[in-house]
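Let's take a walk through this one, starting from a single side chain and ending at a pocket. Keep the viewer open as you read.

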Amino acid sequence: MRFSLKKLCALIVASGLCAVLGAAGASAAEEAKPSGWYVGLGLGSNKTSTLKQAGHNRDNICYPEDDCSHLAGGAPEGYRWYYDLEADDGAVFEISVGRTFGAFRLELALAQRKNDLEQKFTDITYLDGSRSMRAQDSNYVSRSSGGVDELTTRTLSMNAYYDFSIAGSRFTPYVGAGVGVSFLELSGLYFESWYSCKNPAMDCDMPERYNSRQYEDISDTVLSTHLHAGLDYRMSERMQFGLKLTYSMVGDMEDAEGGYDFHPVAGLSNFTTISGMNHWSVMFGVKYFFGE
């Protein structure tokens, strides 16, 4: 299911209108508001804007297609590369346990979000930011490919909510905020390059020694903060159904370390940073109250 921001806002506005209509209904049930301990479950969709991927390593090889004569010592100190990551709308689910304190609620929640990613190359430089220059007479040629599968965000957060009571209505709008930690996993990070000779009859010694490949999952743990707004509908003294909109601000994945399956520099590591992981989510949920 795909949600645009306009659709999310329209959904919240429609829910607010329902609350007003519910407050005006003279026949609304006057049941006691659910209270005490409760458990909750939510399912829905999440959306994020374009993410930024940056990486670097300390590869000091001047590859045969390049002219490194303009670099100090005639070789680079390493390389930097940059990608945009287009994120598909993804699924989100949440389980929670909480307790009411009058109009306030405290809640511990565990949520998981998944987004498929499409990687788009934007730039590559040497580690110092300088540009590579092509060798004029190289008989070597290279091909490369790369990609990434998905980003999984698992978040453990403590949230505080304030419920707005509407006399004579089954509807309860609320707002909230929370802090927590997010466990990030970027799966299927892939890069591979192959070297060959343009003309095997000319000088081109063992091009395969320049080949490299990376295929792995990388992870990081970051802080996150969350803002919530929602509307619950009381089905009974113990049961509520509702809609919740959340904006999550997730810290950057900073220099997560990865390795290569093989590389001309033995034991070389690379480092990946992912930024721009703030996202919206909308969830339909249910809460069951155990009472005081």
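A quick definition before we start: a polar contact here is a pair of N or O atoms within 3.5 Å, where one must be able to donate a hydrogen and the other to accept it. Also keep in mind that this is a predicted model.

Now find glutamine 119, which sits in strand β6, residues 104-126. Is its side chain buried or exposed? Glutamine 119 counts as buried because its relative accessible area is 17%, and the cut-off for that label is under 20%.

What does glutamine 119 do with its polar atoms? One partner is glutamine 53: the two side chains are joined by a polar contact of 2.9 Å. Another is glycine 147, whose backbone nitrogen lies 3.1 Å from a polar atom of the glutamine 119 side chain. If you skip neighbours within four places in sequence, the residues in contact with glutamine 119 also include Tyr83, Asp84, Leu85 and Leu189, and Gly146 and Val148 are on that list too.

Next, the largest pocket. It holds about 810 Å³ of space. Its lining comprises 34 residues, and the closest to the centre are Tyr79, Ile124, Ser144, Phe191 and Ser193. Several strands supply two or more residues to this lining, among them β2 (51-57), β4 (79-87), β6 and β10 (171-197). Which element gives the most? That would be β8, with 6 residues. By residue type, the lining splits into 16 polar, 13 nonpolar and 5 charged.

How values were computed. Residues are numbered from 1 along each chain as its sequence is written. This is a predicted model: local features need pLDDT of at least 70, side-chain atom pairs count only at pLDDT 80 or more; totals for chains, interfaces and linings use all residues. Side-chain values use heavy atoms; hydrogens and water are left out. Helices (H or I, at least four residues) and strands (E, at least two) are DSSP runs, numbered from the N terminus. Buried means under 20% relative accessible area, exposed over 50%, partly exposed in between (1.4 Å probe, protein chains only). Contact means heavy atoms within 4.5 Å. On a 1 Å grid over the protein atoms alone, a cavity is a set of points where a 1.4 Å probe fits but cannot get out, and a pocket is an open set with protein on both sides within 12 Å along at least five of seven lines; lining residues have an atom within 4 Å of a point. Grid points are joined across faces, edges and corners, and a volume is the space filled by probe spheres set on the points. Ala, Val, Leu, Ile, Met, Phe, Trp, Tyr, Cys and Pro count as nonpolar, Asp, Glu, Lys and Arg as charged, and the others, Gly among them, as polar.
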